[in-house]
Every structure is written in C-alpha cells, then in structure tokens.
Amino acid sequence: MIIKKNIHDFREYIEKARGQFKKIGFVPTMGSLHEGHLSLVKKAVWENDLVVVSIFVNPTQFGPEEDFDRYPRDIKGDIEQLEELDTDIVFCPDSSEMYSADYNTYVQVNGIAEKLCGRSRSGHFQGVATVLTKFFNIIHPDKVYFGNKDYQQLLVVKKLVEDLNFSIEIIGLPIVREADGLAFSSRNKYLSKEGRNQAVVLYHTLMKIKKNVCEKKFYNLFKLKEMVVEMITSKPLAEIDYVEFVDPDTLDEVPVFNGNLLVALAVYIEETRLIDNIIIRDYKPI
Ligand code: AMP
C-alpha cells in the first residue's frame with residue numbers, strides 16, 4: 001500500500017498507474033475508520049482495479065463552533081485497517097497542502113444543500129463540495145463511494161457531479177450499524193456510557209416508524225412525526241435538531257404519504273450531533 005501526503009507526488013504516482021489500471025475507485029473519508037467506512041472500501045476494492053482512500057479532516061466543512069479540533073484522528077490505526085483490505089493508495093494531505101494561505105475558491109451546490117443539515121450547519125456542504133471537487137480533480141476516479149448514512153451529502157455530490165460534468169459514477173451504499181442498531185460514526189467515540197445507551201433511540205425510532213407504515217399500514221405523517229418526537233424526547237440526554245419526513249429525491253417535505261419517504265433525524269446526544277435516516281417504500285392502498 002502506498003501512502004501519499006503530497007499532491008504532486010500523488011499525481012505523479014497515479015498518472016503512471018492509470019496506464020496499467022483500468023478503473024480507479026475512490027473512497028473519501030475523514031479517518032478514524034469504522035465498519036461503515038470499511039464497507040465502502042471493500043466494495044471499491046471489489047469493483048475497481050485501483051483504490052484510493054483519502055483521510056482528510058476537512059476544515060472547510062466545519063463551522064466555527066463545531067468539533068474540528070477535537071474530531072477523532074487515528075492515522076496509524078486507519079492505515080493498518082486499510083492495508084488489510086488491500087487498499088492501493090492512502091492519500092492523507094495536511095490542511096496546508098489542500099488549502100494554501102491565500103486559498104479563495106469555493107463550490108456551492110444550491111437547492112438540495114440548503115435543506116435538512118444545510119439549515120443547521122451553515123457552510124457545511126460548501127466545504128464538502130469544495131474538497132470533493134479538489135479530490136476529483138487530483139484523483140480522476142471512475143467511481144466514488146459514499147454511505148447512505150450521510151444521505152443528503154450523497155444527493156449533494158450527485159448534483160455536483162451532474163452540474164460540473166465530472167465523468168464519475170457516484171455510488172451510495174447501505175448504512176452499517178453496531179449490534180444494537182446505532183449507526184457507526186466516528187463521533188460515537190464522544191459519547192459517555194449513558195449517552196451511548198440512549199443514542200440507540202435514533203434507530204429504534206426509525207424502526208418504529210417503518211413498522212407503523214409497512215406492517216400496520218398507518219400513514220398519518222403528522223401523527224408519525226409526533227411519535228418520533230415523543231420517543232426521542234423521552235431520553236433525557238437527547239435534544240432534537242430536526243425530524244424531517246421528506247421526498248428521498250428532492251428532500252422536500254412530504255405532507256401526505258405517497259409510497260416513498262425519507263425519514264431523516266439529527267439529534268444531539270449530550271453535546272454530540274448524530275444523524276440517521278431510513279427510506280420507507282410502501283404501496284398505499286387507494
Ligand atoms: P466521514 O469519515 O464521516 O466523512 O465518512 C466517510 C464516508 O463514510 C461517507 O460517505 C459516509 O457516509 C460513510 N459512512 C459513515 N458512517 C457510515 C455508516 N455507519 N455506514 C455506511 N457508511 C458510512
């Protein structure tokens with residue numbers, strides 16, 4: 001496995017490799033890798049001739065009050081895990097390598113990026129779109145892999161690729177969960193023991209809504225939303241950022257169940273903001 005920190009060196013290596021390898025897969029991450037990340041890497045290794053994984057805690061996607069400084073970093077552990085999965089190249093530039101002191105260009109995806117997390121994390125998706133545009137230009141991947149856990153991010157990236165004519169296939173993969181159902185997240189490390197216990201309420205809530213819709217055929221979205229709020233607020237360490245029932249393609253609010261629904265949650269557990277979601281598809285009898 002090759003490890004590159006410098007854009008120039010990385011480019012030199014990948015340009016040579018491009019001649020020999022047909023398909024380049026890319027998995028962007030912020031490191032502190034867990035099973036969710038590894039599922040993307042496994043799929044990329046399976047589907048491509050050469051796989052690049054980036055490890056970069058991107059400062060431009062964190063707000064001034066957010067956790068950039070204390071975001072978990074474990075480059076040694078990450079490299080060991082990636083080596084085991086037969087990753088070809090780890091690209092782990094420093095901040096100054098990606099953003100020069102006079103850096104001044106940003107990529108803004110309007111519309112889809114302004115909903116859900118865009119409302120509570122101002123500038124977040126601009127940072128995401130900017131760093132991914134830079135990575136796409138440096139790496140020239142054929143396929144790029146994302147988790148459905150950050151479902152809105154996936155839609156933002158698809159729009160970015162469509163609008164800026166990148167010749168890249170964007171692949172979204174299922175959410176990977178811990179044994180009790182909590183979605184793997186690097187931020188789970190922030191939780192206290194009690195916080196960790198209560199955090200599983202996100203998953204239980206999503207499952208309850210799915211059960212109501214798919215098994216009990218209960219389609220009253222107003223009542224279902226009330227159920228979500230009640231379940232989450234029953235946990236003393238939980239505070240809701242948003243509960244949204246939206247169309248999975250547009251992220252517009254769905255007033256009446258039409259067979260295709262994204263339930264998206266953002267909840268603070270103690271100080272830690274966790275997100276989770278589920279897409280519920282069901283045929284509503286007329
Ligand atoms: P991050 O390091 O948090 O920027 O995440 C890097 C990639 O891993 C993103 O595409 C995430 O959606 C994906 N990811 C994070 N957690 C999970 C999970 N629990 N299941 C599947 N993918 C995930």
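Residues are numbered from 1 along each chain as its sequence is written, and side-chain values rest on heavy atoms, with hydrogens and water left out. Because the model is predicted, local features need pLDDT of at least 70 and side-chain atom pairs count only at pLDDT 80 or more, while totals for chains, interfaces and linings use all residues. Helices (H or I, at least four residues) and strands (E, at least two) are DSSP runs, numbered from the N terminus.

His37 places a polar side-chain atom 2.8 Å from an oxygen atom of the ligand. Gly147 uses its backbone instead: an N or O atom there lies 3.0 Å from an oxygen atom of the ligand. For Phe184, a backbone N or O atom lies 2.9 Å from a nitrogen atom of the ligand. The ligand taken alone exposes 480 Å², and the protein buries 92% of that. Accessible areas come from the Shrake-Rupley method with a 1.4 Å probe; for residues, only the protein chains shown count as cover.

Helix α10 spans residues 221–233. Its 13 residues reach 18 Å from the first C-alpha to the last, close to the 18 Å expected at 1.5 Å a residue. The expected span is 1.5 Å times one less than the number of residues. Leu221, Leu224, Met227, Val228 and Ile232 are the buried residues of α10. Viewed down the helix axis, these buried residues fall within an arc of 120°, so they line one face of α10. The arc is that of the directions from the helix axis to the C-beta atoms. Phe222 and Glu230 are exposed on the other side of α10. Buried means under 20% relative accessible area, exposed over 50%, and partly exposed in between (1.4 Å probe, protein chains only). The buried residues of α10 pack against α9 (201–214), β7 (238–246) and β8 (260–269). Asn220 caps the N-terminal end of α10, with a side-chain oxygen 3.1 Å from the backbone nitrogen of Phe222.

Asn212 belongs to helix α9. It counts as buried because its relative accessibility is 6%. Contact means heavy atoms within 4.5 Å. Neighbours within four places in sequence aside, Asn212 is in contact with Lys217, Phe218, Leu224 and Met227.

Helix α7 (residues 151–163) also has 13 residues, and it reaches 19 Å from its first C-alpha to its last, close to the 18 Å expected. Its buried residues include Tyr151, Leu154, Leu155 and Val161. Among the elements that cover the buried residues of α7 are α5 (116–120), α6 (124–139) and β6 (169–173).

Ala44 lies in helix α2 and has a relative accessible area of 0%. Not counting residues up to four places away in sequence, Ala44 touches Val27, Val51 and Tyr145. Ala44 and Tyr103 are 59 residues apart in sequence and 31 Å apart in space, C-alpha to C-alpha. Ser54 sits in strand β3 (residues 50–55), and it counts as buried at 0% relative accessibility. Leaving aside neighbours within four places in sequence, Ser54 contacts Phe26, Val27, Pro28, Thr29, Phe91 and Phe135.

Backbone angles complete the account. Most residues other than glycine have a negative phi. Just after α7, Asn165 takes a positive phi of about 55°. Asp86 has a positive phi near 65°. Asp86 lies in the loop between α3 (75–84) and β4 (89–91) and is exposed, with a relative accessible area of 56%. For Glu270, phi is positive and near 55°. Glu270 is found in the loop between β8 and β9 (272–281), and at 29% relative accessibility it counts as partly exposed.

Methods. Polar contact = N/O pair within 3.5 Å; in protein donor to acceptor, adjacent residues only side chain to side chain.
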